[in-house]
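I opened a new structure today and kept notes as I went. Here is what I looked up.

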Amino acid sequence: MEFTSACVVGAGRVGSAVAARLAERIPARITGRELDVAGADLVIVCVPDRAIPEVAAEIPVGPWI
């Protein structure tokens, strides 16, 4: 599968670094607490481990997570 866009959830150091690296290849953006992942083919969750289940449950069905 080829991804044409990505959204990184988490604007911390790791999320920012991952988004910057992805942006070298495909359009990528960062979202924080608002979880605006609309239009992204790929969503990467870069939040603390304890927050992963809650954040993942809030992401609408559709993109690869």
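My entries below go from the sheet to the loops.

**Ground rules.** I am working with a predicted model, where local features need pLDDT of at least 70, side-chain atom pairs count only at pLDDT 80 or more, and totals for chains, interfaces and linings use all residues. I number residues from 1 along each chain as its sequence is written, and side-chain values use heavy atoms, with hydrogens and water left out.

**The sheet.** I first noted how helices and strands are named: they are DSSP runs (H or I of at least four residues for helices, E of at least two for strands), numbered from the N terminus. Two strands pair if DSSP finds at least two bridges between them. I then found an open sheet of three strands, in the order 2-1-3, with parallel pairing. Strand 2 (28–31) and strand 3 (42–45) are the edge strands, and each pairs on one side only.

**Strand 1 and its partners.** Strand 1 covers residues 6–9, and four bridges join it to strand 3. Strand 1 also pairs with strand 2 over four bridges, in the parallel sense. I checked A6: it stands opposite A28 in strand 2, and its bridge partner in strand 3 is L42. Then I checked C7. Its bridge partner is R29 in strand 2 and V43 in strand 3.

**Side chains of strand 1.** Which way do the residues of strand 1 point? A6 and V8 point one way, C7 and V9 the other way. All of them are buried. The cut-offs are under 20% relative accessible area for buried, over 50% for exposed, and partly exposed in between (1.4 Å probe, protein chains only).

**The crossover.** I followed the chain from strand 1 through helix 1 (residues 13–22) to strand 2 and found a right-handed β-α-β unit. Right-handed means that, with the strands pointing away from the viewer, the path from the first strand over the helix to the second runs clockwise.

**The aromatic pair.** I counted one aromatic pair. F3 and W64 form it, edge-to-face, at 6.2 Å centre to centre and with 75° between the planes. The rule takes rings of Phe, Tyr and Trp (its six-membered ring) with centres within 6.5 Å; planes under 30 degrees apart are stacked, over 60 edge-to-face, and the rest tilted. F3 lies in the segment before strand 1 and W64 in the segment after helix 2 (52–58), 61 residues apart. F3 is partly exposed at 23% relative accessible area, whereas W64 is exposed at 52%.

**L35.** Where is L35 placed? It sits in the loop between strand 2 and strand 3. L35 has a positive phi of about 50° although it is not a glycine. I made a note beside this: most residues other than glycine have a negative phi. L35 counts as buried, at 18% relative accessibility.

**P60.** I found P60 in the segment after helix 2. P60 is partly exposed, with a relative accessible area of 47%. P60 and A38 are 22 residues apart in sequence and 8.5 Å apart in space, C-alpha to C-alpha.
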